[in-house]
Amino acid sequence: MRFLHIADLHIGKVLHRHSLLPDQKYILQQILQIAKEQKADAVLIAGDVYQRNSPSPEAMTLFSNFLTELASLSCPCYIISGNHDSPERIAYLSPLAEQSGIHIAGINAGTVYTYPVKDIYGELNIHLLSYCTPAHVRQKYPEYADQIRSYEDAVRIVLREHPVDNSVRNVLVCHQFLTGAQTCDSEELAIGGLDNISASLFHDYDYVALGHLHGRQFVSRETIRYAGSPLKYSFSELTQKKTVTLVDCCEKGHIEINEIPLLPMHGMQELTGTLSGLLQHDKTEDYIHALLTDEEPPADAVRQLRTVFPNLLQTTVRNSKIREDRTVTTDTLPEQTDFLKLFSEFYAFQNNGAEPNGRQKQIISALLEQIDREVISE
Ligand SMILES: [Mn+2]
């Protein structure tokens, strides 16, 4: 049985106010092409189909077209909902989709849906478990409610209540945060990092197709893995390679894994330099984060940069005034009340020791006098 494992499509994602829908259409087309070329027996989508729980009509149309094309290839698809998805919206029309080989486990959080399939090696069970929280599982299993204090407890109970037949091969599709996995900026994890669970919960499964984290990786063993998002969804993913995971489940105990690279419509780069330096760059359609090092960047720097980088998404000024390692402490409050002197010290701190010039001092003095007057008159 040959699976194409993908996850975290985040259809409808907007990056720095730029819609990625055309990029997503492009990459989904590539995924269809890979499914066709590799003769995949099924596609597994491990959650976060959409960016928002109320996806836009355009996002829904894109996904609908993707599924329709998969069905026309007679390639079954198994889908779970992630933390970004609305389970009900993901499962919309699922009894009808089922008839075309599109299997969607949306509603009833904390429920494992099992689909038995067969190939030349025998039986294989595909288990779908959508994203679930301790609250979902307490509701599903009120008799164990007081035992469910963490995500780990929640997933342990769900899997315990759904034992697998270990004489056959078992594949689990799920969307959770595994302890020890590498994170990046575009994921939305629970605040405080309390949502992680141990890979040891998956002991009974031959392959675990994970979604949630956007960097492709395996956790604990090669067969417990995140496919990663198909596109870079933040500048923190600059150096990540995006792939789809091709999984060959041969006889029990024998799994082969290959990662097939995805080629995006736009590259992504972070460029550091002065405005005049960056303007020397060859024109590129890549998504750009420009880090300007000018001490006084002109007000229209972004407009100028766009002539070379039409897809400039972010501009950050990183000069001596904006050093990240500067900390101001207030352990010792100044005794003095000469505010002009205090301001001059602050100015020097911000400007590599340079004093404010005469004109600047005049402006500050005038402002200080005005403040004094207003405080007195109150
Ligand atoms: Mn995600």
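Along the chain, the donors of the manganese ion follow the spacing D-x1-H-x37-D-x165-H. Donors here are N, O and S atoms within 2.8 Å of the metal (3.2 Å for Na, K and Ca); water is not among the atoms, so sites may look incomplete. Four residues coordinate the manganese ion: Asp8 (OD), His10 (NE2), Asp48 (OD) and His214 (NE2), at 2.1 to 2.5 Å. Aspartate 8 sits in the loop between strand S1 (2-6) and strand S2 (14-15), and aspartate 48 in the loop between strand S4 (42-46) and helix H2 (57-72), so the pair ties together parts that are 40 residues apart in sequence. Helices (H or I, at least four residues) and strands (E, at least two) are DSSP runs, numbered from the N terminus.

This is a predicted model: local features need pLDDT of at least 70, side-chain atom pairs count only at pLDDT 80 or more, and totals for chains, interfaces and linings use all residues. Residues are numbered from 1 along each chain as its sequence is written, and side-chain values use heavy atoms, with hydrogens and water left out.

Buried means under 20% relative accessible area, exposed over 50%, and partly exposed in between (1.4 Å probe, protein chains only).

Now to the rings. Rings of Phe, Tyr and Trp (its six-membered ring) pair if their centres lie within 6.5 Å; planes under 30 degrees apart count as stacked, over 60 as edge-to-face and the rest as tilted. By this rule there are five aromatic pairs. Two of them are listed here.

| Pair | Type | Centre to centre | Angle between planes |
|---|---|---|---|
| Tyrosine 50 and phenylalanine 63 | edge-to-face | 5.8 Å | 75 degrees |
| Tyrosine 141 and tyrosine 144 | tilted | 6.0 Å | 40 degrees |

Tyrosine 50 lies in the loop between S4 and H2, and phenylalanine 63 in helix H2, so this pair ties together parts that are 13 residues apart in sequence. Tyrosine 50 is buried, with a relative accessible area of 6%. Phenylalanine 63 is buried, at 6%. Ring pairs link Tyr50, Phe63 and Phe66 into a cluster.

Arginine 160 lies over the face of tyrosine 144, 4.8 Å from the ring centre. A charge sits over a ring if NZ of Lys or CZ of Arg is within 6 Å of the ring centre and within 35 degrees of the ring normal.

Finally, the domains. The assignment gives domain 1 (2-261), domain 2 (268-322) and domain 3 (339-377). Such bounds come from an automatic or database domain assignment. The C-alpha centres of domain 2 and domain 3 lie 32 Å apart.
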